[in-house]
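Here are my notes on this one, as numbered points. Have a look at the fold first, then read on.

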Amino acid sequence: MVYVCDNCSSLFSWTCGQDRCPNCGKRMVRSANAVEQREFASRMAERIRTEYAEEPRYPNLVETEISMVNSFTFKLPATALQIDSSMIVDVLVEYGENSANREELIGNVWARKAGGVTMRFLLPIRLPAQQGEPPKDMINRIFAALNENKTFKTKLFDFVSGQLHGSNSN
């Protein structure tokens with residue numbers, strides 16, 4: 001459980017409740033609210049990264065394979081998902097030829113609240129490749145596949161619901 005001291009603003013974690021701040025010793029300890037808990041988690045993650053980070057490693061460029069990746073975006077109002085809200089969602093689709101199987105078109109679908117900073121991965125998408133297909137036709141085919149994909153609709157609904165209930169505010 002995460003706690004905060006109202007005297008010195010120290011954030012700390014205890015498995016069993018104590019009534020004194022480990023920093024200043026005062027008895028002005030209370031359970032941390034959601035914002036304070038996120039701050040504590042962020043500080044702990046940064047501390048772990050700092051303590052255990054390795055030196056950066058760079059790939060051997062001779063051993064890499066370059067693939068072309070294209071993308072497109074579209075905006076979707078929450079009302080399109082039968083959610084009563086004025087929220088707009090930006091959906092980003094990155095797509096390209098599967099380097100392991102040249103007969104497959106693959107992509108990743110991401111979402112974020114319009115104006116938000118962080119993208120949330122929703123799902124991968126796979127379609128058969130069509131030799132010589134113009135990019136516009138490829139985009140239309142991917143968009144049509146998403147429009148009929150129940151998993152996409154469910155994950156997008158869950159994403160919007162989470163944004164509205166504050167679990168992933170951006």
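Which residue of β6 does D90 stand opposite?

1. It's R112 in β6 that D90 stands opposite. Strand β6 (residues 101-113) runs antiparallel to β5, and ten bridges join the two. Strands here are DSSP E runs of at least two residues, helices H or I runs of at least four, both numbered from the N terminus; a pair of strands needs at least two DSSP bridges.

2. Before going further: this is a predicted model, with pLDDT of at least 70 required for local features and 80 or more for side-chain atom pairs, while totals for chains, interfaces and linings use all residues. Numbering starts from 1 along each chain as its sequence is written, and side-chain values use heavy atoms, leaving out hydrogens and water.

3. The open, antiparallel sheet around that pair has four strands, ordered β4-β5-β6-β7. β4 and β7 (120-128) have a single partner strand each, so one side of each lacks a neighbour in the sheet.

4. Two helices go with this sheet. Helix α2 (residues 135-147) lies across β4, β5, β6 and β7, at about 115 degrees to β7. Angles run from 0 to 180 degrees between N-to-C directions, using axes fitted to C-alpha atoms, for helices over the stretch in contact.

5. S85 sits in the loop between β4 (70-77) and β5 (88-98). Leaving aside neighbours within four places in sequence, S85 is in contact (heavy atoms within 4.5 Å) with A78, T79 and L164.
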